[in-house]
Every structure is written in structure tokens, then in C-alpha cells.
Amino acid sequence: MSDRLTSNARYNLIIIARALFDAMRFTMRFIWQSLVLSFVVIFGSSLFWLPVALADSQVDEIKVSLGNSSGELKFFPSNIELEAGKPYKLLLNNPSPEKHYFTSKDFADASWTRKVQAGKVEVKGAIHELELKPGAEAEWVITPMKAGTYELHCSIKGHAPAGMVGEIVVTN
Ligand SMILES: [Cu+2]
């Protein structure tokens, strides 16, 4: 009699242990599945947003030629449209046979210059105008900070009256 009870009790213990084990396994599987799911959701959404983040970090490049190879005294283009608060890389070049200036003091004052690179030289400090010799190129990384219409000209004598002027329009 006592032997049967003991074996019954042992049997019950095994049942309980197995039930506990099953419950634990179920819980572990549930936790794993939730982990994998949240992993997929988090990574999936970050992959989805990645191109947006990359696009935001890209700087718009704007090419401006000072004069042209046939010696016209103009900026190409002469009208530059920018958005305030957005960074730009102004790629200036001089394809003409003579020296020109990119002069826009008020625009420079209303903007934040990150760097100016000309040749292999990086220029720091306040920039109001850039001198480009024939064939020269310069890179001006700038963020306009204030909306407005700013005049642009070449400060070589006679060039502005001959038409070497332009406008930089900054909108909000
Ligand atoms: Cu000029």
C-alpha cells in the first residue's frame, strides 16, 4: 500500500515536472520568437529609413563658371537659387582666358562657410570673394543662413559693367 502511494506520488511528480518543462520550453520559444520579430522590425525599419538619411547627408553641388572659353563676361548660370539652412557645394571654375572674381559680400556674410578648397589649399576664415585664375577651380562648401536676394559680380575693372553680374536668391 505504501509502495503504491509512493510510486503514485513519483508518477505525479514526473507529470508535474514534465508540465513545468513544457511550459518553460513554450515560454522560451515565445521569447525567442519575440526577439527575432523585434529584431526584424527594427532592422527592417532602419533599412527603410537609411536612403532618406543618406540623401539628407548629401550636399547639393552647384556648378558656376566664371566666363567661358570664348571670353564672354558672364557667370554661367548668372542666377543661383538656394534654400536657407541647406548645405551646398559651389563648384566654381574659370574656363576663360582671363582672371575673374566671384564676389558676393552680402551673401557670404549671410552664410556659414564650412570650407573653401582651391587647388590643394584649404582656405579658412571669412570669405567675401574668390579669385579664379584661367583654368582654376574652387570648391566652396557653404550654408546660406538668411533668405534674400544677393548681388554677385566680378570685381575686375570693367567686367561687371560688361555684364559679369548675377544674383544669388536664397529662399526659406
Ligand atoms: Cu571677371
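The C-alpha centres of domain 1 and domain 2 lie 62 Å apart in this predicted model. The domain assignment places residues 1-58 in domain 1 and residues 60-171 in domain 2.

The overall dimensions of the protein chain can be read alongside that separation. Along its principal axes, the C-alpha trace spans about 120 × 30 × 30 Å. The radius of gyration is 34 Å, whereas a compact globule of 172 residues would have a value near 16 Å. Of the 172 residues in the protein chain, 19% count as buried.

The secondary structure consists of 2 helices and 11 strands.

The largest nonpolar core has 23 residues. Those touching the most other members are Leu66, Leu92, Phe102, Leu130, Leu132, Trp140 and Ile168. Strand β9, residues 137-144, gives the most to this core, contributing 3 residues.

Trp140, one of the residues that touch the most other core members, can be followed individually. Which residues does Trp140 touch, not counting those up to four places away in sequence? They are Leu90, Leu92, Thr113, Val116 and Leu130. Of these partners, Leu92 and Leu130 are also listed with Trp140 among the core residues that touch the most other members.

Conventions:
Residues are numbered from 1 along each chain as its sequence is written. This is a predicted model: local features need pLDDT of at least 70, side-chain atom pairs count only at pLDDT 80 or more; totals for chains, interfaces and linings use all residues. A nonpolar core is a set of buried Ala, Val, Leu, Ile, Met, Phe, Trp, Tyr and Cys residues joined through C-beta atoms within 7 Å. A residue is buried if 20 or more other C-beta atoms lie within 10 Å of its own, exposed if 12 or fewer, and partly exposed in between; C-beta atoms are placed from the backbone. Helices (H or I, at least four residues) and strands (E, at least two) are DSSP runs, numbered from the N terminus. Two residues are in contact if their C-beta atoms, placed from the backbone, lie within 7 Å. Domain bounds come from an automatic or database domain assignment. The radius of gyration is taken over C-alpha atoms; the globule rule is 2.2 Å times the number of residues to the power 0.38.
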